[in-house]
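This note is for a colleague who is opening the structure without having seen it before. Please read the points beside the sequence and the 3D view.

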Amino acid sequence: MRPAVRLRILIGEDERYRGRPLFEALVLAARERGLAGATVFKGFMGYAPHADIASAGILRLAENLPVVVDLVDEAEKIEAFLPFVRRAVREGLVIRSEVLAEQVLPGEER
């Protein structure tokens, strides 16, 4: 295990950056910058300050469901990525936390 940083970005599904979904722009930018990993999670229900509750209920159309983008890498790479995050995310929450990470490769003995 080695020290790493997890950047968790909470946004709405409908948020956009330069014509594409914001979550997609974040993942592509992270990949472009060589970050170790990125995952996008779509929520079933949630809300943000000054917003209604969004829900994926069966009887109504889901609007702007919550999305979480998780990024993990060394502190230096995450810090270098933050200026892009600040430009791209207009409304949301960005959480930075220290974690321990271990990469497991296919076929690797443990």
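Which kind of contact do the side chains of E13 and K42 make?

1. The side chains of E13 and K42 meet in a salt bridge, with 2.8 Å from N to O. E13 belongs to the loop between β1 and β2 while K42 belongs to strand β4 (residues 37-42), so the pair ties together parts that are 29 residues apart in sequence. E13 has 22% relative accessibility and therefore counts as partly exposed. K42, with a relative accessible area of 52%, is exposed. Please keep in mind here, and for every point below, that this is a predicted model.

2. Of its 110 residues, 29% count as buried. The protein exposes about 7,900 Å², of which carbon and sulfur atoms supply 54%. Among contacts with a separation of 6 or more, 73% are between residues 24 or more positions apart.

3. Leaving aside residues up to four places away in sequence, I11 touches L22, F23, L26, L65, P66, V67, V69, V89 and E91. I11 and K42 are 31 residues apart along the chain, and their C-alpha atoms are separated by 9.9 Å. K42 is the residue that pairs with E13 in point 1.

4. The next matter is the buried side of α2. The buried residues of this helix are I78, F81, L82, F84, V85 and A88. An α-helix has 3.6 residues a turn, so residues three or four places apart point the same way. What covers the buried residues of α2 includes β1 (2-12), β2 (16-17), α1 (22-32), β7 (66-73) and β8 (93-101).

5. The side chains of E79 and R96 meet in a salt bridge, 2.6 Å from N to O. This pair links distant parts of the chain, E79 being in helix α2 and R96 in strand β8, 17 residues apart. R96 counts as partly exposed at 36% relative accessibility. E79 also lies 9.7 Å from L7, C-alpha to C-alpha, although the two are 72 residues apart in sequence.

6. R96 has a further partner. It forms a salt bridge with E98, where the closest N and O atoms are 2.7 Å apart. E98 is exposed, its relative accessible area being 58%. Elsewhere, R6, R8 and D70 are linked in a network of salt bridges. How many salt bridges are found in the whole structure? A search finds nine.

7. The surface also has a nonpolar patch. It is formed by L10, L93 and I95, which together have about 230 Å² of accessible area. L93 is placed in strand β8 and counts as partly exposed, at 46% relative accessibility. Strand β8 (93-101) is also among the elements that cover the buried residues of α2.

8. A last point concerns the backbone at R18. R18 is not a glycine, yet it has a positive phi of about 50°. The residue sits in the loop between β2 and β3 (20-21). With 74% relative accessibility, R18 counts as exposed.

Methods. Residues numbered from 1 in each chain as written. Predicted model: local features only at pLDDT ≥ 70, side-chain atom pairs only at ≥ 80, totals over all residues. Heavy atoms only, no water. Buried < 20%, exposed > 50% of the residue type's maximum accessible area, 1.4 Å probe, protein only. Helix = DSSP H or I, 4+ residues; strand = E, 2+ residues; numbered from the N terminus. Contact = heavy atoms within 4.5 Å. Patch = residues over 30% accessible without salt bridge, like charges linked within 9 Å, V, L, I, M, F, W, Y side chains within 5 Å. Areas by Shrake-Rupley, 256 points an atom, 1.4 Å probe, with all protein chains shown as cover. Salt bridge = Lys/Arg side-chain N within 4 Å of Asp/Glu carboxyl O.
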